[in-house]
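Here is a friendly walk through one protein model, meant to be read with the structure open beside you. Have a look around first, and then follow the headings below.

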Amino acid sequence: MVSRVRVWLNRTYAENVFFMDQLRRNPSDRAVEIHATHGDPDSPVLAAADTAELEPEGLSPAAYVEYALDQCRRRSIDVFVPRLHQAAIVAHRADFAAAGTALLAPPPEAVALFEDKVVAYEAVQAIGVPVPPWWRVRTVDELVAAVEELEGAGHKACFKPASGAGGVGFRVVTRTPFSLTHLTGFPGPYVPLDLVVEALRSADEPVNWIVMPRLEQPEVSVDCLTGRDNVLRMAIGRTKNGRRRGFTLHEQWLEPARRIAEGFGLHHLSNVQFRMFGDRPVLMDVNTRPAGGLHQLALCGVNAPWAAVQLALGEDPGTVEPPFLGQDYTVVSGARPLRPVTLPQQRTAETGPLLPAVPAPADAVEPAAQAPLPL
């Protein structure tokens, strides 16, 4: 009898409820049990897991490694998919292996390289992957000089932290004075240059930003699966152009992603993102973790999470090729159940007349993730 596989995801994104669903519906018909931990008791991944715990807050990276090792030993974890403190965890791969746990993550050298976007751009440019022009900015003078050079070449300037994930901290610089226009509708990424300059001058310490031209769509995220032998097993592009999304196997996207994944040893799952600079694709970002939208490859008949778990366990899945490319689709919010909790604060006495209301059902759900729908 084939034994079950026990997988742990730590403090991961809400979208990874779909990652968990795919592990359970694996084509090998293997029993999978999922452990999840998070700092937010209302994270849907806790409700989707077979076992779940709240993570302690305030741990240093070193202390978190000890916490993670204890989780792996107590829970008999076979495969650990680390997101929080990934760099510190992969530096202790041998300790996790001694506990019987395989890490579904790249080696520490690869994680460290892609933690800083400027260092990453320099490295990938050296192997022939096109990148946009960029400036590392720490001071007001550096920011203004970079913005003026970009605007002089006819580009819109944008900036984001040199270290960080997703779109956190991304802003587009505008010369339009701050006005009521910025306060109508939904908040956007545009920020007047004079306000940025003022904020930098009043800051207690320098920033660490990367300034670059605003890149154009389409955005293509190439999901890669690479073995510890540095051989790519899977590369499939997910395209995004406004609301419309789709898939591609065009080599203009896959070839540079393959060069990065194999050249820098991005073992297991990684995600390489491109956008257009003029008429050519350039690298935007490299993520050394599974992308939140990885589950969308199911629309191409691919179960990437299970192939990655197999690879982590030493069971080579071989080349993973989509049997077909799914139709274009969009992404909409969906509902996922949450774990039952007691509210930390509840009204104990009426403070005024209350409006009549229909009681909420006991198994109420909240929109917590996004699922693809065909267009």
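Let's begin with strand E7, residues 157-161, where four of the five residues are buried, so the strand is mostly covered. Buried here means under 20% relative accessible area, exposed means over 50%, and partly exposed is anything in between (1.4 Å probe, protein chains only). Helices (H or I, at least four residues) and strands (E, at least two) are DSSP runs, numbered from the N terminus.

Which strands pair with E7? E10 runs antiparallel to E7 and is joined to it by five bridges, with Ala 157 standing opposite Pro 213 of E10. E8 also pairs with E7 in the antiparallel sense, over two bridges, and here Cys 158 faces Val 172 of E8. Two strands count as paired if DSSP finds at least two bridges between them.

## How to read the model

This is a predicted model, in which local features need pLDDT of at least 70 and side-chain atom pairs count only at pLDDT 80 or more, while totals for chains, interfaces and linings use all residues. Residues are numbered from 1 along each chain as its sequence is written, and side-chain values use heavy atoms, with hydrogens and water left out.

## Ile 210 in strand E10

Now move to Ile 210, which sits in strand E10 (residues 209-213). Is Ile 210 buried or exposed? Ile 210 counts as buried because its relative accessibility is 0%.

Leaving aside neighbours within four places in sequence, the residues in contact with Ile 210 (heavy atoms within 4.5 Å) include Cys 158, Phe 159, Lys 160 and Pro 161. Also among them are Lys 117, Val 118, Tyr 121, Trp 134 and Trp 135. Gly 167 lies 43 residues from Ile 210 along the chain, and their C-alpha atoms are separated by 13 Å.

## Backbone spots to check

Most residues other than glycine have a negative phi, and most peptide bonds are trans.

The peptide bond from Gln 217 to Pro 218 is cis, with omega near 10 degrees; Pro 218 belongs to strand E11 (residues 216-226). Arg 11, not a glycine, has a positive phi of about 35 degrees. Arg 11 is found in the loop between strand E1 (5-10) and helix H1 (17-24), and it is buried, with a relative accessible area of 15%. Ser 76 has a positive phi too, near 55 degrees. Its place is the loop between helix H3 (61-75) and strand E4 (79-81), and at 45% relative accessibility Ser 76 counts as partly exposed.

Phe 178, Leu 180, Leu 183 and Leu 195 make a nonpolar surface patch of about 420 Å². Patches are made of residues with over 30% relative accessible area and no salt bridge; like charges are joined within 9 Å, and nonpolar side chains (Val, Leu, Ile, Met, Phe, Trp, Tyr) within 5 Å. Accessible areas come from the Shrake-Rupley method with a 1.4 Å probe, and for residues only the protein chains shown count as cover.

Pick out Leu 180 in the loop between strand E8 (171-174) and strand E9 (190-192). With 65% relative accessibility, Leu 180 counts as exposed.

## Salt bridges

How many salt bridges does the model have? The count comes to 21, where a salt bridge is a side-chain nitrogen of Lys or Arg within 4 Å of a carboxyl oxygen of Asp or Glu.

Glu 33 and Arg 4 meet in one of them, at 2.6 Å from N to O. This pair links distant parts of the chain, 29 residues apart: Glu 33 is in strand E2 (residues 32-38) and Arg 4 in the segment before E1. Glu 33 is partly exposed at 28% relative accessible area, and Arg 4 is partly exposed at 39%. Another salt bridge joins Arg 30 to Glu 315, with the closest N and O atoms 3.5 Å apart. Arg 30 lies in the loop between H1 and E2 and Glu 315 in the loop between helix H11 (304-312) and strand E16 (329-337), so the pair ties together parts that are 285 residues apart in sequence. Arg 30 counts as buried at 17% relative accessibility, whereas Glu 315 is partly exposed at 32%.
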